[in-house]
Each structure stands twice: as C-alpha cells, then as structure tokens.
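Here is a short report on a protein model with its ligands. Look at the sequence and structure first, then read on.

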Amino acid sequence: MRTKPVLGILTWREGKRFSEPKYLRRLVLAGQRLGAETFLFSHQDVNSAEKKIRGFVPVKGGGWESRLFPWPDVVIDRYRKRVDTYLRLRHSGLFQFANSPFGKKWRVTEMLAKEERVKHWIPKTVVYAAGKVKAMLKHHKIVYVKPGNGTGGRSIVKIMAQGDHFLIRGRNRRLSQVETKLGSVESVEKWIRRWVREQRIGDGNFLVQQGLDLELVPDRVADVRLLIQKKGDGEWDVTGSGVRLGPAGSSISNLHGGGKPISFSAFMNKCFGEERALEIHQECQHLAHEVAVVLEQKFGRMMEFGLDVGVDVLGAVWLIEVNPKPGREIFSQMGDSQTYAEAIARPVSFALHLVSASGSEENSDPKQGRE
Ligand SMILES: Nc1ncnc2c1ncn2[C@@H]1O[C@H](COP(=O)(O)OP(=O)(O)OP(=O)(O)O)[C@@H](O)[C@H]1O
Ligand SMILES: [Mg+2]
C-alpha cells in the first residue's frame, strides 16, 4: 500500500534544463505541500518495460536532483513541443493524464464557430488562400492574418482599411515591428501572399480573421487574458483575469511583445464605467465556462485553459484564442501573488481529486481515464 499519492509532470528536458523551470519548480513544491509525491519527468525518463520512472525535484538554493520514483497515479501534461517521442508517449496508454491532447488552432476555431452555445463569440475565420483577404476586407475594416501554428504574437499582421488606403502593421518571427501603407486591396493581397510565404512555419497554414477594434487606448491594442481551471472538487472556476495593453503602434498585446499587464477592473472601469465593466466581466466569465464545457465534450477531460478574449471599443466580447497549456505569469507580473499561487495550486488539487476518484470504483469513469 502506498502512503502518498504520486503526481508526475510531463515536460521537455535536456540534461537538467527544463522548459518553464520557474513555473515547474513552483508546481512541484505545491504538489509536495499538498501531500503528494511530485516530480518532473520527460519522455526519456520512462522505462515502460520495467515500469520504472526517473523523476526530477528542485533542490534548495537552485538546480534539480533526480532519482527513481514510484509509478505516478496521475500525470499532468505540460509538454509544449510537438515532437514524435512525446506524442508516442502521450498516446501510449501508460499513464492516466489529467488533461487530454488538444487540437490545432484552426480546428479548434472551426469547431467553436459551429457550436450553438459559443459561436456568437467567435470572430469570422477562414484558412488563408488567394483572394481571402480581399473578401474579408469587404465586410470588415480590420482583418488579422496569423499563422495557424504560431505562438507569442509572432508573424501576425493587422490590416486596417483607412479611407483610400490600407495600413498594415505586424510582427515578424523575431517580434520586430513591421509597418507599411498600401494604396489598393490588390496590393494588400500581394503583400500578404509574400508575407505568408516568408513567415510560414514548417508546413503550417495561415488564418484570415475578422479583426476586432481593440483600441480601447488610442494607437494601442488591449485584450483580456483569463485563466479558467478545475478546482479540487473537479468543477471549473475562473481563477483570475488581467488586461494586456500592447505598446503604441503594435498589432498585438502579448507580454513577450512588450505588452503590460493591468488589473481587469481598474482598466475596464476607466474605459466603460463601473456598471458596464461589471457586465463585461460577467460575460467573460460566462464565455469561459461555456467554452470550457464545449471543448471538454470534444477533446475529453481537460484541466485548464488560458483564454485570449477581446473586448472591442463598443464593449462586445469575443474569443480570440484558446491555450490548453497556458502561462500564468500575468498574475505575478501584476503583483497579484495570491492569484498566482492559486493558479499554481489548482492543477495539483485537481490531479489529487482524480487520484481519489480513481481509487473509489463508484466515481471512476472508464471513458475519462487512460487514453
Ligand atoms: N482577430 C483579431 N482581432 C484583434 N486582435 C487580434 C486578433 N487576433 C489576434 N489579435 C491580437 O494579437 C494577439 C495574438 O494573437 P493570438 O493569441 O491569436 O496568437 P498568439 O498569441 O501568437 O498565440 P499563443 O497565444 O498560442 O501564443 C492577441 O492577443 C490580440 O492582441
Ligand atoms: Mg495569444
């Protein structure tokens, strides 16, 4: 009989170099504090034939130490690279995962756009092909073009119809700002064709999306990052939210692209007044719950989502993007250490909930378990 539940956190590592060391260090410590034997591991640490697993735990003062651990009861998947060795392990059926594999950006958007419960929050989106930008510009004064497999705001352009010309603003792969003014929709089509060719990642596609007017502050874009997570009782709850305000002249709000985090209510109260800001907040919460439920029905059990939500200048709420393995640094950067701590403890509490649920037969659901 084991005395303690065992939690594994699957991530990328090379030697003792891990992705997201700061967050994962805290996640392991949260697991230990909540009474679980907790460790990080990567695909190369699993010996499935002998059912042995090497795990890594933080050492006081910095660094990591490794040893053999008991087989984990539940694994949290935090692997963010789509490499074959990871994908094989992910689909091996060796572990009970807290979170299921998630779909590609375009498939997720396409699916949400068809769902009655959420479709009114999804901006019109099509896969890029010749003529699509021109067609989208017929109906929308702002259009975004972005890679279907991009991250961190890279290779995203915003096209704005302004009287007799078009202004294009974007970020290239290195997040440097790009700006140009063009006289006709044909020249925009041509410019974008070249952009897509040059910025393409592997064999990935690009999306053409209805652009939202997020200039709540002149010449800057602001959007909302919202974290919805499962709690220790297995129920969804919005842990927190914050506004990201992009730098002047930028097409994106991402923190890595120079965006600044601000408290939701402070920012929205100023833009819309307290009463309207409260309604917007409630709509964001409602959106988050609906989206989580719909996505879980489609992809299987999930644990958390980071939602990029646009609130346009009229106060309308839109879903820009869903991140299944979200960062939570916005809360520490806003100085909200309580929400940050909660955002780290919740995945552990939920994983522990799964351990106790699979221990009692009544509660175990064979459909939701191993994959
Ligand atoms: N349709 C849109 N209308 C207005 N602004 C948009 C739109 N699409 C993207 N943006 C802006 O660009 C930012 C980045 O876009 P998005 O979140 O889709 O990609 P990403 O951040 O590169 O991907 P990831 O979040 O997976 O790293 C958004 O946060 C928002 O500020
Ligand atoms: Mg994003």
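## The metal site

D308 is buried, at 6% relative accessibility. Buried means under 20% relative accessible area, exposed means over 50%, and partly exposed is in between (1.4 Å probe, protein chains only). E321 is buried too, with a relative accessible area of 16%. These two residues are the protein donors of the magnesium ion, ligand 2: D308 through OD and E321 through OE, at 2.2 to 2.6 Å. Donors are N, O and S atoms within 2.8 Å of the metal (3.2 Å for Na, K and Ca); water is not among the atoms, so sites may look incomplete.

Strands (E, at least two residues) and helices (H or I, at least four) are DSSP runs, numbered from the N terminus.

This is a predicted model: local features need pLDDT of at least 70, side-chain atom pairs count only at pLDDT 80 or more, and totals for chains, interfaces and linings use all residues. Residues are numbered from 1 along each chain as its sequence is written, chains are lettered from A and ligands numbered from 1 in the order in which they are written, and side-chain values use heavy atoms, with hydrogens and water left out.

## The shell around ligand 1

Ligand 1 is surrounded by 23 residues; the closest are G152, G153, D223, N254 and E321. A residue counts as near if one of its heavy atoms lies within 4 Å. By class, the shell holds six nonpolar, eleven polar and six charged residues. β19 gives the most, with three residues. Domain 2 (124-210) and domain 3 (222-358) both give residues to this shell, so ligand 1 lies between them. The domain bounds come from an automatic or database domain assignment.

Polar contacts are pairs of N or O atoms within 3.5 Å. An oxygen atom of ligand 1 is 2.8 Å from a side-chain N or O atom of K146. A nitrogen atom of ligand 1 is 3.4 Å from a side-chain N or O atom of Y144. An oxygen atom of ligand 1 is 2.6 Å from a polar backbone atom of G153. Taken alone, ligand 1 exposes 620 Å², and the protein buries 95% of that. These areas come from the Shrake-Rupley method with a 1.4 Å probe.

## Backbone exceptions

Most residues other than glycine have a negative phi. S155 has a positive phi of about 60° although it is not a glycine. S155 lies in the loop between β10 and β11 (157-162), and is buried at 1% relative accessible area.

Technical notes: Polar contact = N/O pair within 3.5 Å; in protein donor to acceptor, adjacent residues only side chain to side chain. Nonpolar A, V, L, I, M, F, W, Y, C, P; charged D, E, K, R; others polar.
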